[in-house]
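This briefing goes through one model by topic. Please have the sequence and coordinates open alongside the text.

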Amino acid sequence: MAVNPLLPQVAVVTDVRRETPDVKTFRVEAADGGELFAYRPGQCAMVSLFPVGEALFSITSSPTRIGFLEFSIKETGMLTRALHEIEPGTEIGVRGPYGNGFPVEFLRGKDLLFIGGGIALAPLRSLINYCLDNRDDYGRVDIIYGARSSRDLVQREELFVNWPRLRDTAVHLTVDVRSDDWEGNVGFVPAFLEQLNPVPEGKATITCGPPVMIKFVLQSLAKMGYQPENVITTLEMKMKCGIGKCGRCNIGDKYVCRSGPVFTLAELQKLPNEY
Amino acid sequence: MKKIAKTKLQELWQRLSAEGALHLPVRSDRVVEFVRWQEDVSADLDALNAFLPPKKYFYPQTETVLKYQFEDTLQLTDVSSLAGEKTILFGVRPCDAAAFSLMDKVYLGEPVDEAYRRRRESTVVIALGCLEPEETCFCLAFDIDPGKAPGADLLAADTGTELVFIAQSSKGEELLAKLNGVLQEATSGDENKVKDAQERAREKYVTRVSVHGLAEKLDTFFDSVYWDRLYRRCIACGTCTYLCPTCHCFDLQEYAAGRSGERIRCWDACMFPDFTQMAGGHNPRPTQKERVRQRFMHKLNYFPRQHGGEYACVGCGRCVRQCPVHLDILEVIREMGGAVDGR
C-alpha cells in the first residue's frame, strides 16, 4: 500500500536547549519509540507544528548518535516563533530525510576545514560529529566558526569542550562585535580565515553561513588556492514539499531539495546565479 | 472502432454516467468548463479549450492532504487513500491530454503522489479531436496532432453528424465494450472520415512555430538582457499559471478548527513575490524579472532538462488568450529563435 509522501510521522520533542537569545535546539524522537528514519549528515527534514505550519530544517544531529534527531532553529518567522514556544513533550510531525547530504565518502581520508557562521553551524555540526565519531576515517579537522557576538555562538559545549579535546581537532572562534566577556578573535569569518591561512593541500572545505559570508569565504578560498571541487557548501531556498514537486526551490534545472542542499563550488559555478 | 449519431448523445451520456462520474465541457454564461453531467445537460463539442484545464481532475485546485487531531495524542490521518472516484472525462482536447502525461512525470515520478495516482487510475480519459485549431493553438510545435491524442484511453472523432470512438488502451476497450447497446460498429468509410478530419485539422493550422533546438539555445539565455525588457509588462496576476495545463506548483497551508484541522494543498504560482520569499527576508527571485524568466525557462529549458527533452508546454494557447498584458509565450519562442515555418 503506497503512502502519501506529504504525510509526516508523529514525533515527540524530548528536549529543548536554549543556545542563544534566538536559537534553540530541539531533540525529537519517534512517538512510538522506534527510529524516525535513517539519514546522512547534511540531509534535512520537514518539521510540522500543528496548526501553524511546516518548514524544512537541516538535521543538526549526526546519524552516528542513534535514537533521535536534533534541529537547531533560529527564531525568524511565524513557524519558528511558534516552535520557540513549545515545551518538551510537545508532539510534532516530521518527514524526511530530504536532500543529498554531504559527500562523506569523497571526504574520507582528507583533512577537513569547516567554516561556519551563526545558525549555519547546524548542518556542519552533523558532519563534524559524524567525522569525529569515525575519527580514523578522516584527517585533521579544523573548525572556523563565527557569530555576531559571543552570546550568539551555538553549541558552546562542543565548541569549547568536546571538540577541542579530540586529537588533531582544533576550533577557531571569532565574533563580529567585541564584548567584555570575549577574549578571542574579533572580526568577520572571511578575514579570520585568511589570517589563519590553512593550506589547501590534502584538504576539503565545507562552508555554511549567511549568503554574504559564503560569498566572501568563497572568494578567500579561491585566493588561497582551493580548487572548486574541494569546496563544499549548502544552499537554502523556500520549500513546501521537499520532494521536487512544489516547484519553488529550483536553481536552473536543479531542485535544491533533491539535488542539494549540498553543492561543490564546481557544481555551483554551472548553475545560474539565482540563490 | 464504434460510432454514435450526435443526435443520440444524451443516451450516451446516460450510459457513461452509469459507469462513473461523467464530466464533460459545458457552456454556461459564455464560459466553457468541465462539469459533472446531469440529465438534460449537453456537452459543448465545438469549444476547443475549456477555460480551466482538466488537470483539476487529477490535481485539484485545492485538496486536503492530511487531517490532524489532538486527542490524548496527536493523530494524523492520511486522506489520499480516499481519492479516486470512478470518473469518465469526456471531451479532453489533444493538447490537454498530452499535458496529463507531462503532469505524470512530476506526480507519478518518485516519490509517487498517491492521491494523484489513484485519481489517474480511476479515470477514463476520452479525448475529442480538434477539427479547426484556433489562431492561438500551437500544439503542432510540440508534436501534438490536433486530431489525435495517443495518451487518452479513447479518442472521439467528430465526423460531422457522428462521433467515432477509437480505443487506445485496455481501459478504453473495456469502456467501449460496455457501450455496445448505444454505439454502432464503425465502418472503413468512417475510418476514412476520421483520417480526413485529422488531415484537415492539420491543414487549417495558422500559427506555426518550431521549438526545435530551443531548450539547447536557452542553456545560455539566462543572463540575456531580453528578460529585462520582457518582464516590464507583467502585472504578476498569475493567470498564466492557473490556466496552464502543465503548471504544477503548489502551496501547503493549514486550516485549523480548535483541536483539529487540515493541511490543504492548493495551486500556487511562480509569478507571485512570496512564492520564493524566505522567512529571514531573502528572496532569490526579488523582482518580476526573475519570476517571468523562471516561468519561461521552466517550461522551455528546465523541464526538458529534467524530463528527457520534453517541453512543459502543449500549445493550448490559454495563456496567450488570457494574459491581460499579452505577455505571449509565442513571442518568447519566436524571439529565442524558434523558427516561424508556416504561413
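How many residues does helix 3 of chain A have, and what does it reach from its first C-alpha to its last? Helix 3 (residues 121-133) of chain A has 13 residues and reaches 17 Å, close to the 18 Å expected at 1.5 Å a residue. The model is predicted, with an ipTM of 0.93 and a pTM of 0.95. In chain B the average pLDDT is 95, and 98% of the residues score at least 70.

**Helix 3 of chain A**
- Eleven of the 13 residues of helix 3 of chain A are buried, so the helix is largely enclosed by the rest of the structure.
- The buried residues include Leu121(A), Leu124(A), Leu127(A) and Ile128(A). Arg125(A), Ser126(A) and Asn129(A) are also among them.

- Strand 3 (residues 44-49) of chain A is largely enclosed by the rest of the structure, because six of its six residues are buried.
- In a regular strand, side chains alternate between the two faces of the sheet.
- Cys44(A), Met46(A) and Ser48(A) point one way from strand 3 of chain A, while Ala45(A), Val47(A) and Leu49(A) point the other way.
- Strand 3 of chain A pairs with strand 4 (residues 53-58) of chain A in the antiparallel sense, over six bridges. A hairpin of three residues joins strand 3 of chain A to strand 4 of chain A.
- Within this pairing, Ser48(A) stands opposite Glu54(A) of strand 4 of chain A.
- Strand 3 of chain A also runs antiparallel to strand 6 (residues 91-98) of chain A, to which four bridges join it. There, Met46(A) has Arg95(A) as its bridge partner.

**Nonpolar core**
- The largest nonpolar core has 174 residues, of which Ile126(B) and Ala127(B) touch the most other members. Helix 2 (residues 94-107) of chain B gives the most to this core, with eight residues.
- Leaving aside residues up to four places away in sequence, Ala127(B) touches Val92(B), Arg93(B), Pro94(B), Ala97(B), Ala149(B), Ala152(B), Leu155(B) and Ala156(B).

**Interface between the chains**
- At the interface, 38 residues of chain B are in contact with 34 residues of chain A.
- The elements of chain B that each supply at least two residues of the side touching chain A include strand 4 (62-70), helix 2 and helix 9 (288-306).
- Strand 11 of chain B gives the largest share of that side, five residues.
- By residue class, the side of chain B that touches chain A divides into 21 nonpolar, nine polar and eight charged residues.

**Backbone exceptions**
- Most residues other than glycine have a negative phi, and most peptide bonds are trans.
- Gly96(A) and Pro97(A) are joined by a cis peptide bond with omega about 0°. Pro97(A) is in strand 6 of chain A.
- A cis peptide bond also joins Gly260(A) and Pro261(A), with omega about 5°. Pro261(A) is in the loop between helix 7 (256-259) and strand 15 (262-264) of chain A.
- Asp168(A) has a positive phi of about 50° although it is not a glycine, and lies in the loop between helix 4 (156-162) and strand 9 (169-175) of chain A. Asp168(A) counts as exposed because it has 11 C-beta neighbours inside 10 Å.
- Ala236(B) has a positive phi, near 60°, and lies in the loop between helix 7 (226-230) and helix 8 (239-242) of chain B. With 14 C-beta neighbours inside 10 Å, Ala236(B) counts as partly exposed.

Notes
Residues numbered from 1 in each chain as written. Chains lettered and ligands numbered in written order. Predicted model: local features only at pLDDT ≥ 70, side-chain atom pairs only at ≥ 80, totals over all residues. pLDDT = per-residue confidence, 0-100. Core = buried A, V, L, I, M, F, W, Y, C linked by C-beta atoms within 7 Å. Buried ≥ 20, exposed ≤ 12 C-beta atoms within 10 Å, placed from the backbone. Contact = placed C-beta atoms within 7 Å. Expected span 1.5 Å × (residues − 1). Pairing = 2+ DSSP bridges. Nonpolar A, V, L, I, M, F, W, Y, C, P; charged D, E, K, R; others polar.
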